[in-house]
Amino acid sequence: MNFAAIVQDQSSQAEAVLFYLLAPITVLSAVGMLLVKKAVHSALLLAAVMISLAIFYILNEAPFLGIVQIIVYTGAVMMLFLFILMLVGVDSADSLVETIKGQRILGIIAAVGVGGLLIALVSRGNLGHRFFGLEMANGEGNVQGIAKLIFGQYVWPFEVVSALLITAALGAMVLAHREPDSDKKDQRALSEDRVRQNSQPVAGLPGPGTFARHNAVDIPALLPDGTAADLSVSDVIAARGHLAKPGDFKFIETSDDDREGN
Amino acid sequence: MNPMNYIYLSCILFSLGAAGVLLRRNAIVVFMCIELMLNAANLAFVTFSRMNGTLDGQIVAFFTMVVAACEVVVGLAIIVTIYRSRRSASVDDARLLRL
């Protein structure tokens, strides 16, 4: 056995160890997904399955797909699922009442039958029992190889898929759009109402009095006829009883003698 | 290691997803099981790609991922719309075309 074969054998053994560690976890998570009652637990178990699938992709010499799997599936898709779960109601547990008689038994039989058929057919087919390996295809790097195929041979499907993405985004917007069912007044209607009713000053409340000697906020402004405008002082100050009367600050005539006396 | 192990795992995951679609009632869980089936198919594609020494299988898996993302977006929008009109995400309750 030469050195290359030994290395190949060892890497295959390492891969086998990782596979036999991860495969049971994946299958158990998938089974748990069917058995748990709450949808959130299902979502978390599905995330576990997807992360182990990403590891399998990287193991299968598809590092690009492995990373995309983690970013797109466990990142974006599962986030979307959890978001909708929170929107619909986290504790919406499944009802365990059978609405169709015998559906559960038939469902289990059908699923086991599909699985058995698939495994039996695949194992009998002559698919080859060793890896050809992607050393040649991945020679320039996995991402470069995939890019060459996507923008070369598969460029038309790629463009069609982009159209599909845009259509899906538009479809989601149309489906999720809802006309407001209560005619809530917008800002324009509110301001028009305010002018029409004339219940409060349209131009806002008047400022407090600004006298030559005193311009604190506790003095009401004077209206043209000399009366105090109560609206010009904040209600809080009025309630505290700190309101000063405009009469207290009337201009007092001072003679020149008084000034000189100072 | 025998590459068929990956294919067997993919078959098991696919049938588990199918079982989920048949057995569960919550529309969101049914949807997650469909995602599981798509992912199982992806694993088979990636394994076949390595078995045959070409990258075409990985390209197909890549396209499957994009289509699955589109499907999730529209499907969840439909679920939210149904939930809005019926206040329920159970597939049993949505059995009439009218409200």
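Reader: Where is the place of Glu61(A) in chain A?

Author: Glu61(A) sits in the loop between helix 2 (39–59) and helix 3 (63–88) of chain A. Helices here are DSSP runs of H or I with at least four residues, strands are E runs of at least two, and both are numbered from the N terminus. Keep in mind that this is a predicted model: local features need pLDDT of at least 70, side-chain atom pairs count only at pLDDT 80 or more, and totals for chains, interfaces and linings use all residues. Residues are numbered from 1 along each chain as its sequence is written, while chains are lettered from A and ligands numbered from 1 in the order in which they are written.

Reader: Is Glu61(A) buried or exposed? And what is its phi near?

Author: Buried means 20 or more other C-beta atoms within 10 Å of the residue's own, exposed means 12 or fewer, and partly exposed is in between, with C-beta atoms placed from the backbone. Glu61(A) is buried, since 21 other C-beta atoms lie within 10 Å. As for phi, most residues other than glycine have a negative one. Glu61(A) has a positive phi, near 60°.

Reader: Okay, packing. At what angle do helix 2 and helix 3 of chain B cross?

Author: Two packed helices are described by the angle between their axes and the distance between the axes. The axes are lines fitted to C-alpha atoms, for helices over the stretch in contact, and angles run from 0 to 180 degrees between N-to-C directions. Helix 2 and helix 3 of chain B cross at roughly 175°, and their axes come within 8 Å. They are therefore roughly antiparallel; the cut-offs are under 35 degrees for roughly parallel, over 145 for roughly antiparallel, 65 to 115 for roughly perpendicular, and oblique for the rest.

Reader: And which helix of chain A packs on helix 3 of chain B at about 10°?

Author: That's helix 6 (155–176) of chain A, with the two axes 9 Å apart. This makes the pair roughly parallel. Their contact has 18 nonpolar, 2 polar and no charged residues. Ala, Val, Leu, Ile, Met, Phe, Trp, Tyr, Cys and Pro count as nonpolar, Asp, Glu, Lys and Arg as charged, and the others, Gly among them, as polar.

Reader: How many residues does each chain put into the whole contact?

Author: Chain B gives 63 residues and chain A gives 75; two residues are in contact if their C-beta atoms, placed from the backbone, lie within 7 Å. On the chain B side, helix 3 supplies the largest share, 21 residues. By class, that side has 43 nonpolar, 14 polar and 6 charged residues.

Reader: Which residues have the most contacts inside the largest nonpolar core?

Author: A nonpolar core is a set of buried Ala, Val, Leu, Ile, Met, Phe, Trp, Tyr and Cys residues joined through C-beta atoms within 7 Å. The largest one has 70 residues, and Leu46(A), Ile28(B), Met32(B) and Leu36(B) have the most contacts inside it. Helix 2 of chain B gives the most to this core, 15 residues. Leu36(B) touches residues of both chains, including Leu46(A) and Leu13(B).

How values were computed: Lists of a residue's contacts leave out its neighbours within four places in sequence.
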